[in-house]
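Good morning. I will take one structure today and go through two of its chains. Please look at the screen.

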Amino acid sequence: MNSVASIVLNRSFQLGLLAVILIALATLPLHYQGYNIVRLLNIFMFVVLTVSWVIFSGSTGYMSLASAAFFGVGIYTSALLGDKLPIAVVVGIGALVSSCVAFLVGALTLRLRGIYFAIFTFGLVELIKHLTLWWEINMEDRRGRLVVYVENDIIFWVMLSILVATLLTAYFIRRSKWGLALQSIGENEEAAAHMGINVTLVKVITFAVSALFVGASGAIIATRWTYIDPGIAFNPLYSFMPVLMAIFGGMGRLLGPVIGAIAFTYLKEELGTEFPELYMLIFGIILIVAILYMPNGLVGLIQRLWIRGFRRQDADT
Amino acid sequence: MRRKLLILMVSCTMVLALAAPLFAAGCDEAEPEKEVIVFGAARPLTGPFAVYEEMAFGPIYKMWVDEVNARGGLYIEEYGKRLPIELKIYDDGSDMGTMTSMLERLILEDEVDFILPPASTAFLFAAAPIANKHGYILMGAEGGGTTLTPLLPSLPYYFGVLNYSDHYQMPVLADILSDAGIETAAIMYLEDLHGVEYSGVAGIELTNAGIDIVMTKSVPLGVMDVSSIINQAKTLGAEAFLSFCYPDENFLAIGTAIALDYNPDVFLTGPGANFAFFAGVFGPAAEGIMGYGAWNTKSSAASEDFYEKFIALYDPGLLDWWGHNLYYAGLQFFEQAIEEAGTLDQAVIREVMATSTFDTILGPTWFDMTADGEGGGLLAEECYTGQVGQWQNGVFEVVDPGANRTAPPVIPKPAWPAEE
């Protein structure tokens, strides 16, 4: 038993396993064309949205509801440039534009705290939505736009790359001095400032970095939707989902939001298809139970059960 | 140590959970004998578009499925028997991303035999390329618009039934107005796909008919006060007032026009006036108001039958004098094409649909195909029972010039009823 555990815990074994998983996922579209491609790419998208949200909001405690704004900016980038440039370039531009928007907004508003910041970021979604609508109607004489069509395989690969980039960024931020700075901002911003951390700079840059991935995933997913308008692109659902998924999974570890997003996306789809009339109700109950009884999310719960199991085992021996 | 082990176990479980369906998909059991035909659809059971499922296409496809099943199902020659229809409806929550995924799930994972359309014009635009890619016929329902027209040649599996702005509502409206000697018109439109499109097409068609557009004003969704717009139209003395909005804004415009005593010769509204409940809501004030459409029980004996069947099942107020007969006729057409093809092979059925004329409640029904029959199609102009309707003595009369007309238009419309 011990020897198995030591192999399993071996670092190179873990890295190898991750590599195998990644290769398995990356080669999937080559031999399989079914619905699981779509299912996986939806899961990837929500993992990206959730982990990006946690990169900034999880550690600093600033609750951002701006995800939908960055997502929508990515979507519009794709609608505007999708037929003119290669899709990888479009995704890159979508990421940069979103990030610039986040930088500007962050620089202006990150002095707001708590609920004020949350409300402002939510207002931002509506602001950008209506600005876009006004522009389209008055300047372009149209409301919606058709988006260039891209094969599911390509979308899958691009989304997977964005996912890997997001996870690597989140991992390295957590393990860096930068991550410690974010954490100390979350715990006590004044103290962090007194220790010599340039809190505004750290916050604004992190906010902008987290928006990179949200914008990129918006740019690629838009090609699946074919037709978009401001109401579709700036749907507040994409602001709330990452928050709920992060809470559901638990924010203590990187694995939390990942598992939260996977479980939530899967559950949402299965319930929506199996019980179309009841799923909102079931979903609501699951959420309430999760918030009441799983303060550290799914991962926290598993961990508690795990530790309890070990204690019992120890007691038995 | 424990933590790491935990992380590892959790990730392994996840991978297994995700991989399991892949393996399951790989080992299919032997094909059982075909017992039912499954029609799948992603419909807005919840969210802002739920009203479509409740009032527009929803009641019609359910009624149609029940009728077909009462006959024992669709006769498919390939199987030599009648197969009943089973519905598989998923909730898209009125979200575009969910709708596109659900539709692909129905096609790829559930492998449904046929699909029914999602609700609203924008969703229909998004669904058409998906259906086309997988070779599934998409018989449209609630929606259609000029944006889709240039794409039609590349969408051979799309069949649109609903009439819209330039197909052929606004041209007919322009004829009605110019026949009545109307010279000026004011337009209020919603900042939305619908409003922008109609105001654009009306602007062109009315101007071509020699009618002067004296005002064009947009309103945002959920507008609460349109009195400045109504006042301006009144001051300009516009003889026709056209409100290209959704029910909430259209009803607001009517209420405001009554309050400000602006009674133009022609008052036309977008969606809202075409519903049966409209006459109940506005009572005598509904008299003379025009809307998109149109059909009524006088259009044909088949229309009368359809009306009787509908009100036996549903609240008569839900009846839609614009789209209901078209949605139903689309399904009747689809049904006959499937039986004629004698197979569930969509490519074969598509050819039948593109080249045949079938009898529906509209009479002989066919589609005008684009790209020399290789592209998608729209219901032929001759098949429509009308393009513009007007409330006259509690009936939504078809007032188009020509054979569809069930009553001549009343222009100028009667005065608003005196306040009690």
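Predicted model: local features only at pLDDT ≥ 70, side-chain atom pairs only at ≥ 80, totals over all residues.

Before the numbers, one definition: the expected span of a helix is 1.5 Å times one less than its number of residues.

What should its 15 residues span at 1.5 Å a residue? The answer is 21 Å, and the end C-alpha atoms of H4(A) are 21 Å apart, so the two agree. H4(A) is also mostly covered, with 13 of its 15 residues buried.

Now chain A as a whole. Its mean pLDDT is 89, and 96% of its residues reach 70 or more. Chain A has 15 helices and two strands. A compact globule of 317 residues would have a radius of gyration near 20 Å; chain A has 21 Å, which agrees. Of those 317 residues, 46% count as buried.

Next, chain B. There, four strands form an open sheet with mixed pairing, in the order E6-E7-E16-E15. Strands E6(B), 138-139, and E15(B), 367-369, stand at the edges with a single partner strand each, so one side of each has no neighbour in the sheet. How do E6(B) and E7(B) run? They run parallel, joined by two bridges. Within this pair, Leu138(B) stands opposite Tyr158(B) of E7(B).

That is my last slide.

Methods:
Residues numbered from 1 in each chain as written. Chains lettered and ligands numbered in written order. Pairing = 2+ DSSP bridges. pLDDT = per-residue confidence, 0-100. Buried ≥ 20, exposed ≤ 12 C-beta atoms within 10 Å, placed from the backbone. Rg over C-alpha atoms; globule rule 2.2 N^0.38 Å.
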